Amino acid sequence: MSLRAMLPRSGRSVTLRELEPRDADAYAAGTEDPDVRRFGHLPEPRYTPQRVRELIDTEIAGGLASGTLAVLALADAATDDFLGSLVVFDVTPESAEVGFWVAPAGRGRGAAAAGLGLARDLARARGLTSLRARTAVDNAASRRVLERAGFQPVGEPTEDVTPSGAAATVQAYVVSV
Ligand SMILES: CC(C)(COP(=O)(O)OP(=O)(O)OC[C@H]1O[C@@H](n2cnc3c(N)ncnc32)[C@H](O)[C@@H]1OP(=O)(O)O)[C@@H](O)C(=O)NCCC(=O)NCCS
């Protein structure tokens, strides 16, 4: 089921929309932030604006069409400027996992929590019943964001590997949608 028909979704402060070629510079710059590199969901080691544009036309377009992967932009609801990234992946018939990052200039105004609220709406529209997330236990900002968006920890923290390949103690979270 294509996710395109369910986008964009807007709240008071943030819009969750498809990543567009005009976001490529801001997306690539955001992936250079040390906290995004350490904690963010970045399947590739480095992103140039050109690589981001290529991905938009290939993997990202394919994932949206099939409904298996959504690499989305968190944008300012007023200006539509790129603030950060929200990814929906590992989609099963019931649930999906979310990952997110906000570029340094867009932080401090609750963009990620607002975006997760919109992702819950998207998941419900897609027919899912829950969303999952994982974060390093020492990522206090991310844990706060998840709790603010209604996610609850499930189980005990486990040893895992972050998207950047580093070993970390990771807490799983879940929320009904
Ligand atoms: C996590 C991240 C997305 C949060 O950005 P944001 O949406 O702008 O979050 P805000 O700055 O608005 O902060 C949200 C909450 O976390 C708190 N917070 C922010 N930074 C914090 C820190 N370093 N330590 C403790 N709490 C922190 C804020 O006080 C706020 O709390 P509140 O809801 O009680 O007011 C951003 O820091 C980021 O991109 N980090 C790197 C990538 C990452 O960690 N992604 C998550 C992987 S699962």
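This is a predicted model: local features need pLDDT of at least 70, side-chain atom pairs count only at pLDDT 80 or more; totals for chains, interfaces and linings use all residues.
Close-up 1. Helix H5 spans residues 140–148, and its buried residues are Ser 142, Val 145 and Leu 146. Viewed down the axis of H5, these buried residues fall within an arc of 95°, so they line one face of the helix. An α-helix has 3.6 residues a turn, so residues three or four places apart point the same way. The face of H5 turned away from the buried side carries the exposed residues Ala 140, Arg 144 and Arg 148. After H5 comes Gly 150, which has a positive phi, near 95°.

**Close-up 2. The largest nonpolar core.** This core has 51 residues, of which Leu 19, Leu 86, Leu 116 and Phe 151 touch the most other members. Helix H4 (residues 111–125) gives the most to the core, with eight residues. Leaving aside neighbours within four places in sequence, Leu 116 is in contact with Leu 86, Val 98, Phe 100, Val 145, Leu 146, Ala 149 and Phe 151. In soluble globular proteins, nonpolar side chains tend to be buried together.

**Close-up 3. Arg 126, a buried residue without a salt bridge.** Arg 126 sits in the loop between H4 and strand S6 (130–136). The nearest side chain of opposite charge, that of Glu 94, is 10 Å away. A polar atom of the Arg 126 side chain lies 3.2 Å from the backbone oxygen of Gly 67. Not counting residues up to four places away in sequence, Arg 126 touches Met 1, Leu 3, Met 6, Gly 67 and Val 91.

How values were computed
Residues are numbered from 1 along each chain as its sequence is written. Side-chain values use heavy atoms; hydrogens and water are left out. A nonpolar core is a set of buried Ala, Val, Leu, Ile, Met, Phe, Trp, Tyr and Cys residues joined through side-chain atoms within 4.5 Å. Buried means under 20% relative accessible area, exposed over 50%, partly exposed in between (1.4 Å probe, protein chains only). Helices (H or I, at least four residues) and strands (E, at least two) are DSSP runs, numbered from the N terminus. Contact means heavy atoms within 4.5 Å. Lys and Arg count as positive and Asp and Glu as negative; His and the chain ends are not counted. A salt bridge is a side-chain nitrogen of Lys or Arg within 4 Å of a carboxyl oxygen of Asp or Glu. A polar contact is a pair of N or O atoms within 3.5 Å; within protein, one must be able to donate a hydrogen and the other to accept it, and residues adjacent in sequence count only if both atoms are side-chain atoms. The arc is that of the directions from the helix axis to the C-beta atoms.
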